[in-house]
Amino acid sequence: MDTVQYLDDHGKPLRDIPLSNEELLQGYRALRRARHFDERALVLQRQGRLGVYPPFRGQEAAQVGVALCLKADHDWLLPSYRESAAALTFGMPISKLILSWRADPAGWGAPPDVNMVQFYIPIATQIPQAAGVAHAQRLLGKDAVAAVFIGDGGTSEGDFHEGLNFASVFNAPLLVVVQNNGWAISVPTQKQMKVPRIAQKAQGYGIPGVTVDGNDLVAVWSVAREAVARARKGEGPTLIEALTYRVAPHTSSDDPSRYRTEEETERWLKRDPILRMKNCLLHLGLWSEAQEAELMEALEGEFLAAVEEADQAREPKPWEIVEQVYQEMQPDQLAAWSYLRREA
Amino acid sequence: MIAERETRVLNNVQAINEALDLALAQDPRVVVFGEDVGRMGGVFRASDGLQQKYGEQRVFDTPLAESGIVGFGIGLAMAGLRPVAEIQFAGFLYPALDQILSHLGRMRHRTRGRFTVPMVIRAPYGGGVKTPEQHADSPEAVLCHVPGVKVVIPASPERAKGLLLSAIEDPDPVFFLEAIKLYRGVKGEVPEGYYTLPLGKARVVREGQAASLFCYGGMVEVCQKAAEVAAREGVELEVVDLETLVPLDTETIFASVQKTGRAVVVYEAMRTGGFGAEIAARIAEEALDYLQAPIVRVAGWDAPYPPFSAVENYYRPDAKRLLEAVRKVLTH
């Protein structure tokens, strides 16, 4: 199976680019914004101002390229925990994301105009749900689509199979994006499966499967755009395999030196999705270092303002533990709530 | 008033079918689905005729995958529909436990109410009808141990219809377990038309002074039978049908214990860790002073439910075992 690619490893276009100059600039800004978030989030984590954080460094293009095809108040995003870049690009406010990674309830619910379900922790369970969300759009007469992200390890789960099969049988408008980042914590992809390409698994469901260079934003964006267009037209789901690499640890608590070599990581750093996109823009004469500096300053300003906003969120109260269990508090929750109000 | 309505004699499956029919007619968001639910109308015919009436978009068959069914339903519900899923047998729910434990009851909590799952999962459960392995399981305790879900188990056609309509209207996920033994085993007068019965309320189905029998689902008729036998010997037993296990109506339970001073808890699931243990614990915690004898449980044995065989009847609690327990609490 061929891998869809538009940029070479240095960012030079290999063929005609199916995006406008304006889109290329929008895409680069979104990539930079994601990288900036990730870097600053790790700093906050080291300062003890975030909880355990799963970084996505190296995977920005694979997430941003898909999210750029979606409309937050119309389409749906069901991400797993490593998809802060997708969430951010989709429309989740940075302050909400910070609160979310602080495990603060104030960050758990997306704003009313952002159809993102809180990051999923169990692996692949959101795929059957995303198939249901997607099918519901058709039943409700909308042309909205759902996008769901997992990693290579997630394809081993039963819900990967059940979710893809349901999506296929019901012709649901769904994008299943697998970020094949080489590692499921410490287990390499070749110990996870025998097929060389995850996209091949789509054949088992009678749906299109595409492998794309996940570090090439132009490629991811154009593949996702086509899949979204198909889904909106009622032509069903697509499985997208984005080949990428998690250059960062699994989480802020992980030590990758226990399972992989630095050489491997170094090789992938040379294919960095942000550098490639920046070089593409420079090559096309669309970008300058002055613009870069301006962008970085704006991103830092945006991030600092978001941190300030997050810092102002009021502390969660102990009795909120038993709120939102049911729409109306039942006797057992009410008893616990009264106790916590009184004693906590 | 429901009491003033015309009634018809229906069995439990017919009452459930009627409730599904009325829900589909009343609320365009309701969809009914599961294995063999559409064209065939379900293995027990609970959705008989509904696909023909409401079309394949509203009543449909799914692939044979329980985690898929529950996960798909969670998605439908989050997107604004009112899914009513059928799991063919409660003993087939186990592949869906990840969806149930990790997501079904947590979605409201983990999104602070941004997304909710107003979904009903119906499943036939329980023994007494000579089914193959796994078909007679009673996994209600597992479901009651999941935060954020409600668990309802009706014991008569009139109750089944009104409770199912309440469950479908409910803003939170509801498990609706239907005793297979009662599907065609009981008939009763069922009010015509749409009506709901409140979730979270137990009901005293037989009044008595000597001892209280706490039961639900398929065990209610067994308790009533035992109470009739005891009455012939002059012992008046009170039978309390819990109907909703979560949220549990402890008020009715404690009032009955206060009245009789003796409690027998009856369930057909395996005894250890069963929901009856929760009832016993609640009574011990809150109503100990009323008790004149230790609480006794009558339940399935700590063994897998035996598939159809000559010994099946020895697994499920019956009137004989119930009366032994009653004797024990009365002679303490």
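Modeller: Strands β13 (residues 263–270) and β14 of chain B run parallel and are joined by four bridges. Two strands pair if DSSP finds at least two bridges between them. Helices (H or I, at least four residues) and strands (E, at least two) are DSSP runs, numbered from the N terminus. One bridge links V265(B) to R297(B), which sits in β14(B). In a regular strand, side chains alternate between the two faces of the sheet.

This is a predicted model: local features need pLDDT of at least 70, side-chain atom pairs count only at pLDDT 80 or more, and totals for chains, interfaces and linings use all residues. Residues are numbered from 1 along each chain as its sequence is written, while chains are lettered from A and ligands numbered from 1 in the order in which they are written.

How many of the five residues of β14(B) are buried? Four of them are, and the strand, residues 296–300, is mostly covered. A residue is buried if 20 or more other C-beta atoms lie within 10 Å of its own, exposed if 12 or fewer, and partly exposed in between; the C-beta atoms are placed from the backbone.

Next, the domains. Chain B is divided into domain 1 (2–191) and domain 2 (203–330). These bounds come from an automatic or database domain assignment. The two domain centres, taken over C-alpha atoms, are 26 Å apart. At their meeting point, 27 residues of domain 1 of chain B are in contact with 22 residues of domain 2 of chain B. Contact means that the C-beta atoms, placed from the backbone, lie within 7 Å. On the domain 1 side, the elements that give two or more residues include α7 (157–169) and β7 (174–179) of chain B. That side has 15 nonpolar, five polar and seven charged residues. Ala, Val, Leu, Ile, Met, Phe, Trp, Tyr, Cys and Pro count as nonpolar, Asp, Glu, Lys and Arg as charged, and the others, Gly among them, as polar.

Look next at V32(B). V32(B) is in strand β2 (residues 30–34) of chain B. V32(B) counts as buried because 27 C-beta neighbours lie inside 10 Å. Leaving out residues up to four places away in sequence, V32(B) touches several residues, among them L20(B), L50(B) and V84(B). L20(B) is 12 residues away along the chain, and its C-alpha atom is 7.9 Å from that of V32(B).

Last, the partner chain. The contact takes 33 residues from chain A and 33 residues from chain B. On the chain A side, α5 (126–139), α6 (158–169) and α11 (331–343) each supply at least two residues. The largest share, 10 residues, comes from α5(A). By class, the chain A side has 17 nonpolar, 13 polar and three charged residues.

Chain A also has an open sheet of six strands, with parallel pairing and the order β1-β7-β8-β4-β3-β2. Its edge strands, β1 (3–4) and β2 (76–78) of chain A, each pair on one side only. Two bridges join β1(A) to the parallel strand β7 (residues 209–213) of chain A. There, V4(A) stands opposite V212(A).

Conventions. Contact = placed C-beta atoms within 7 Å.
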